[in-house]
Amino acid sequence: MIAWVVAAPLLAAIVTTAFPDLRTRRLVRIFLAAVAAVLSLSVAGSIGWLSLTFTVIVSVLSFLATVFSTGTFSPEWGGSETIWSRKSVYFVLLGAFWSAMLLVVLAQNFAALWLGISATTLATAFLVGFSGEAAALEAAWKYLVLCSVGIGFALLGIVVLAHVTIAGGMDSRLALSWTAIVGHGFGAPPPAARLATVLMLIGFATKAGLVPMHAWLPDAHSKAPAPISALLSGVLVSCALYAIVRTLEVGSALGASWLLHEILVWLGVASTIVAGALMLAQRDLKRMLAYSTVEHAGIVALALGFGGSLGFLAALLHIIGHAFAKSAAFFAAGMLQNDFGTTTLAKLRGLWKRGGSGRLLLAALIALAGMPPFGLFVSELLLVFAGVAAHQWVPLGLGLIGIVLGFAAISRNAIEIESGTSAVPRIAGRLPTVARGTIAVALTGALIVAVVPWTALGASLQGIAVAMDAAP
Amino acid sequence: MTTSLIVLVAGAVLILNGRAVGVLIAYVVLALTVAVLGAGAALASPATFALFAVATLLKVVLAPLAIGLFVRVNPAAEDLRPSVPVPVRLLLVIAFALAAELASGMAALASMPMLNLVAFIVLCGVGMLIVHRNLLAHMIGLLVLGIGIGFAGSMLAPGLPEPIELGTAFDALIATFIGLALVRAIIVHDPLLDVESLRRLRG
């Protein structure tokens, strides 16, 4: 069943290309994407809460990206001579991307998880370079090389992990299953366990865009078409962080917990400060949003590094809240690109008065800044509590400086682009209501996260957090 | 001893040679040597062997052939444009060899067979990304990295070669065919394929 769930988005995208009529094809695409999204929930009984939570994030946001793409696909996205810059290729690659992310979150062992992460590179390298412009090709190349090196190191770590677990008496068929490793009960920490888990952590952290392995992320996330940027920033980074959570789980069972927590804390501090500072210097909206992704990945790393049930809960809530808020922000940036032909911050003025995309963008920026009533406010508050509980005063202080820098960058730019009088004329008609609807749905998701801690899902997330904290 | 010598010489050529053809030959020798060493682990089952055969074909034959044909059509890309002089690259090779020996001598890693060769190949793969400015060299570097990881799989975890073969074959697929597709588009903007030309996006 899981194999069908994983394959469904790709199959749906391929089937859709068989319909010659444009209107029929659009309807079939949205219908089949909805079927694929609903189908992914059918595995609820056979996977854990953590996998299920991430499956919902992947499916809901990938469905929204498909709907948004269907409503807004612009000829400018693929106007070049490159062989992949075609609308049909775009949607097949989008389906493949969705399937690959489902493989990551539905995998039950590190081999399948790694294949999923690797397959996302396969699908998205062409999507990043979809426009065929020199800058997009540059971004795609950096993405390909840096992520390939990163996930190469993760695979090396997985190989060493297999060596460690088999040497520790585990059956080779279960050697990479996190459930089996956690349940195995290793006596003394195996000697190479630290090497294995650190390599895996560094590899997955590269895909998550944590500083100093982040160089590819701002380029790739800002040069891809807006719905792809939304998925890269909102969902793919979440998948990479999910891989880090699984690594942490296994690292705890193998006696490498302290080292992994320390590394995560300092990767988190570096990411929040560097990204927060660079956000202040950005001149393009999408690039600023991309750096904001690095900052938020840093916040999650910091929360995971602080550990404890509070830290894990903060990390999980932050991943969910950020996925929705960042997707909404990139969708809104895509609408602005469509409306005004630019995402250059200096050219965008008076968006509030012009309604529509500008107001939706403001809501998304408020969510990303971590202001109430959005969910990121709650998760950032929990992060502070987790840091205090862990007595990690210096990393917490430095992390907060980074968060304040990011807040300042978003607030300043939000005020500047929403106020004043616009000098840039509208170059296109309003986008279909369905495109605006996708942003509203994503923003609703970001809002709901604020009340999650007091719901059944919140209880489940707390259960996961407590279980992870109690791991040996 | 002979195997170590072949790997050392092939690794040195990868870092020291500045022409694509020479580096490709060294890569094929390295890939072939590693395939022979890992063949034993692939005989566990027919499925494992089939996967091993496909991965080897991809890594040893198809990937270098595709890059070689690309260089033939675009001779300007033959120069790998090393960014550091030969003596520095030689020192780097010596440093890689010493680091690999040191790693294999560590008590915590003592149980890992042929760790010195694995570490040397992985370091050479990363080294190629650092010392050459040509994008084709970076592709070959990724392939070398994949070879090193595949070798690690067959030496360190012979009980599970299937996921490892699948993983390294995937690596080769990504590095070669997606890389070549992107390089084909980039060469329109820069016939030399110099990484220095990829500096539009900064800050």
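Read along the sequence, chain B follows the pattern α-α-α-α-α-α-α, and its secondary structure comes to 7 helices and 0 strands; helices (H or I, at least four residues) and strands (E, at least two) are DSSP runs, numbered from the N terminus. The model is a predicted one, in which local features need pLDDT of at least 70, side-chain atom pairs count only at pLDDT 80 or more, and totals for chains, interfaces and linings use all residues. Residues are numbered from 1 along each chain as its sequence is written, while chains are lettered from A and ligands numbered from 1 in the order in which they are written.

The C-alpha trace of chain B spans about 45 × 40 × 35 Å along its principal axes. Of the 203 residues in chain B, 49% are buried, meaning that 20 or more other C-beta atoms, placed from the backbone, lie within 10 Å of the residue's own; exposed means 12 or fewer, and partly exposed lies in between.

I turn to the interface. Here 38 residues of chain A are in contact with 36 residues of chain B, contact being C-beta atoms, placed from the backbone, within 7 Å. On the chain B side, α5 (115-131), α6 (135-156) and α7 (161-186) each give two or more residues, and α7(B) gives the most, with 13 residues.

Finally, helix α2 of chain A. Its buried residues are A:Arg29, A:Leu32, A:Ala33, A:Ala36, A:Ala37 and A:Ser40. What covers them includes α1 (2-16), α3 (49-72) and α4 (87-106) of chain A. The face of α2(A) turned away from its buried side carries the exposed residues A:Arg23, A:Thr24, A:Phe31 and A:Val38.

Key. Two residues are in contact if their C-beta atoms, placed from the backbone, lie within 7 Å.
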